[in-house]
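Subject: Handing over a structure, with notes

Dear colleague,

I am passing this structure on to you, together with some notes for a first reading. Please have a look at the sequence and the structure before you go on to the text below.

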Amino acid sequence: MDAIAIRTACPEDLAAIAVMQRRSLLALAVGDYAPAAVEAMATHLPTLNPALVADGTLLVAETASGRVLGSAGWSRRPVDDAIVLDRAPSPFPPQLDPVGTVRSVFVDPSVARRGLGRRLMARLEHAMAASGCVTAELLGTLPAERLYRTLGYTALTTHGMRLPGGQLIRVRRMARRLHGAADRIPLAA
């Protein structure tokens, strides 16, 4: 396998990222969700917001030959907005809160559990901290929760997300303080 490089995504990457994300959901969500729920997630879960590309906050991991193997992004939009379905992308509203929301973290099943998710998250967290964020939040699927826990994220709440077609999936709202911010803001649900 070629070396994997991480760079800021551009609009031309969106189609390949969407295909990789679907492949990731179909392979890695099995065992945590019922088969019908996995298919509904792969079809309807709002995983990729093009506004992240416009903001320069979406990363893509790819091989030297251009094969997309991962994605990860962030914004200042509150985490609960991630559960709104069938909504057109809108500009990110400014927040006074120094919170960054992790979004769209996926790895191709062919490289799952080999450190790429950790690399993407490290880059995101560094960018969030550099922009003044003190806390990182996310709404994670059950298979992704294992990675986030190893990175120090704490589960705050569990949500039921109803997808079109009626499938209900469980997701967890998680958060962690970014490096150097531990004493500035308490982490609260």
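Predicted model: local features only at pLDDT ≥ 70, side-chain atom pairs only at ≥ 80, totals over all residues.

Residues are numbered from 1 along each chain as its sequence is written, and side-chain values use heavy atoms, with hydrogens and water left out.

The whole chain

The secondary structure of the protein chain comes to five helices and seven strands, where helices (H or I, at least four residues) and strands (E, at least two) are DSSP runs numbered from the N terminus. Along the sequence these elements follow the pattern β-α-α-α-β-β-β-α-β-α-β-β. Of the 189 residues in the protein chain, 48% are buried; buried means under 20% relative accessible area, exposed means over 50%, and partly exposed lies in between, with a 1.4 Å probe and protein chains only. Among the contacts with a separation of 6 or more, 70% are between residues 24 or more positions apart, a contact being heavy atoms within 4.5 Å. The protein chain exposes about 9200 Å², and carbon and sulfur atoms supply 56% of that area, as computed by the Shrake-Rupley method with a 1.4 Å probe.

Helix α1 covers residues 14–28, and its 15 residues reach 21 Å from the first C-alpha to the last, close to the 21 Å expected at 1.5 Å a residue; the expected span is 1.5 Å times one less than the number of residues. Buried in α1 are Ile17, Met20, Gln21, Ser24, Leu25 and Leu28. Seen down the axis of α1, these buried residues fall within an arc of 135°, so they line one face of the helix, the arc being that of the directions from the helix axis to the C-beta atoms. Ala15 and Val19, on the other side of α1, are exposed. What do the buried residues of α1 pack against? Their partners are α2 (35–44), β2 (58–63), β3 (68–75), β4 (99–107) and α5 (142–150).

Helix α4 (residues 116–130) also has end C-alpha atoms 21 Å apart, which agrees with the 21 Å that its 15 residues should span at 1.5 Å a residue. Its buried residues are Leu116, Gly117, Leu120, Met121, Leu124, Glu125 and Met128. Viewed down the axis of α4, they lie within an arc of 160°, so they line one face of the helix. The face turned away from this buried side carries the exposed residues His126 and Ala130. Just after α4, Gly132 takes a positive phi of about 100°.

Strands around β7

Strand β7 is mostly covered, since seven of its 10 residues are buried. β5 and β7 pair in the antiparallel sense over seven bridges, where two strands count as paired if DSSP finds at least two bridges between them. In this region Leu138 stands opposite Met174 in β7. Strand β6 (residues 154–162) is also joined to β7, by eight bridges and in antiparallel fashion, with Arg162 opposite Leu168 in β7. The hairpin of β6 and β7 has five residues between the strands, and there Gly165 takes a positive phi near 95°.

Salt bridges

A search of the whole structure finds 10 salt bridges, each defined as a side-chain nitrogen of Lys or Arg within 4 Å of a carboxyl oxygen of Asp or Glu.

Glu137 forms one of them with Arg173, and the closest N and O atoms are 2.9 Å apart. Glu137 lies in strand β5 (residues 135–141) and Arg173 in strand β7 (residues 168–177), so the pair ties together parts that are 36 residues apart in sequence. Glu137 is buried at 11% relative accessibility, and Arg173 is buried at 12%. Elsewhere, salt bridges that share partners join Arg7, Asp13 and Glu62 into one network.

Asp13 is buried, with a relative accessible area of 8%, whereas Arg7 is partly exposed at 26%.

Arg146 forms a salt bridge with Asp32, with the closest N and O atoms 2.9 Å apart. Arg146 lies in helix α5 and Asp32 in the loop between α1 and α2, so this pair ties together parts that are 114 residues apart in sequence.

With best regards
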